[in-house]
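This briefing covers aromatic contacts and strand pairing in one protein model. Please view the sequence and structure first.

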Amino acid sequence: AVATNMGVGDRLNVKSESLCDFHDSVYGPDFSYQDFLPMFRAELFDADHWAEIFIKSGARYIVPTAKHHDGFCLWKSNVSWNWNSVDAGPNIDLIELIANTTRQKTNLTFAVYFSTFDWFHPLYLEDKANGGSTQRYVDEIMWPQFKDLVEKFEPSFIRMDGSWEMSTEYWKAGALLDWLYTESSVKDWVVVTDSWGHGNCKDMETANCSCTYGDSWTCGDKFTPGRMLTHPHKWEHDTNVMKGSWGYDRSEGLDDFKSLDEILGELIPTIAFGGNFLINVGPTHDGRIVPEFENRLTQMGDWLRVNGEAIYSTRPWEKVQNESSTLYYTTNHSSGNVYAIVTKWPNSGQVVMNAPQVSSKTQVFMLGHTQALKWTPGNKNKGLTVELP
């Protein structure tokens, strides 16, 4: 899947000496975060072109950021009347355009990202100062925003974030999930992730309520269990095309973008261990997905067009998921096929696999290559050595 993180500029809330010095020298020390809003025009935004890029990437679902931690909504939120993309900045309902284009012109599933908290909102800051004993922000802002987003756009998947500063009880997570699953217009099919605050949860990976609630676990940024989960549950590995920033950073150069090999080095283990793969690109303030992002997504799509059979509709192979950091397995229960994914071409021209049990009926093919490959069995037919073309 592909995620997009577009907004006023989330990097400007990061407190670093070099960033502050740059900000003060270019814009002045009295220039606030909100003062950047008039620069966010999205005048070159083209939902059709975005859709073309996402189709080429091989993605199956698209996750635009509806609201990030700065509280700026990319749709017309009635409880954020002066801090949304319709009433200010671009004067465009970006989520509506992306949703309509996705559904009308692609086969991609439409999803959204939603951050619960808000760096700047006075009601949230007041609740936080009160230690969560008050919940005005939840009642008057967050819940209405979330319900409005769900009912207007009916996303099939909701990626939650931004809850870690406050407890699960503060967010009223149980009640909101109850509404989502029993009363909302998407109750019969929606999938939601696990960022619902900290608390006394019996979770498996963290000290908060990640990896506990939700249909799909994220367990924090770039979560990778490194194995198939002991108690299988769907999870997602989110990552970015850039090595540093999640959003677009005009100060970073070509070497700051991950190579295709680096991206595949995250995608392949994710699928082998039972996860979904979500890769983030950061559009610019004028609404473009820059060529470097488009190039990496297109390269990933080219690889998937050849090798997607080993990725889409597969599951972890129950026997073993990987033999090394360069050899992973997946399987398709419908066909019975087992796929070995080699992340580095061996200098010997041979791939040695120890896990498969072979017989005289075993056949080995390489995706994208029409001829069966030669192979020799290991001792007592345990494992095999495959000759690459």
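Predicted model: local features only at pLDDT ≥ 70, side-chain atom pairs only at ≥ 80, totals over all residues.

Residues are numbered from 1 along each chain as its sequence is written, and side-chain values use heavy atoms, with hydrogens and water left out.

**Aromatic pairs**
- There are 24 aromatic pairs in the structure (rings of Phe, Tyr and Trp, the last by its six-membered ring, with centres within 6.5 Å; planes under 30 degrees apart are stacked, over 60 edge-to-face, the rest tilted).
- Phenylalanine 117 and tyrosine 124 pair edge-to-face, at 5.8 Å centre to centre and 85° between the planes.
- Phenylalanine 117 is buried at 2% relative accessible area, and tyrosine 124 is buried at 2% (buried is under 20%, exposed over 50%, partly exposed in between, with a 1.4 Å probe and protein chains only).
- Tryptophan 317 and tyrosine 329 form a tilted pair, 5.0 Å centre to centre with 55° between the planes.
- Tryptophan 317 and tyrosine 329 are both buried.
- Tyr33, Phe40, Phe72, Trp83, Trp119 and Phe120 are linked into a cluster by ring pairs.

**Strand pairing**
- Strands β12 (residues 350–357) and β14 (residues 382–387) run antiparallel, joined by five bridges (strands are DSSP E runs of at least two residues, numbered from the N terminus; two strands pair if DSSP finds at least two bridges between them).
- Glutamine 350 has glutamate 387 in β14 as its bridge partner.
- Strand β13 (residues 375–377) pairs with β14 in the antiparallel sense over three bridges, with tryptophan 375 opposite valine 386.

**Charge over a ring**
- Arginine 60 lies over the face of tyrosine 312, 3.6 Å from the ring centre (the criterion is NZ of Lys or CZ of Arg within 6 Å of the ring centre and within 35 degrees of the ring normal).

How values were computed. Helix = DSSP H or I, 4+ residues; strand = E, 2+ residues; numbered from the N terminus.
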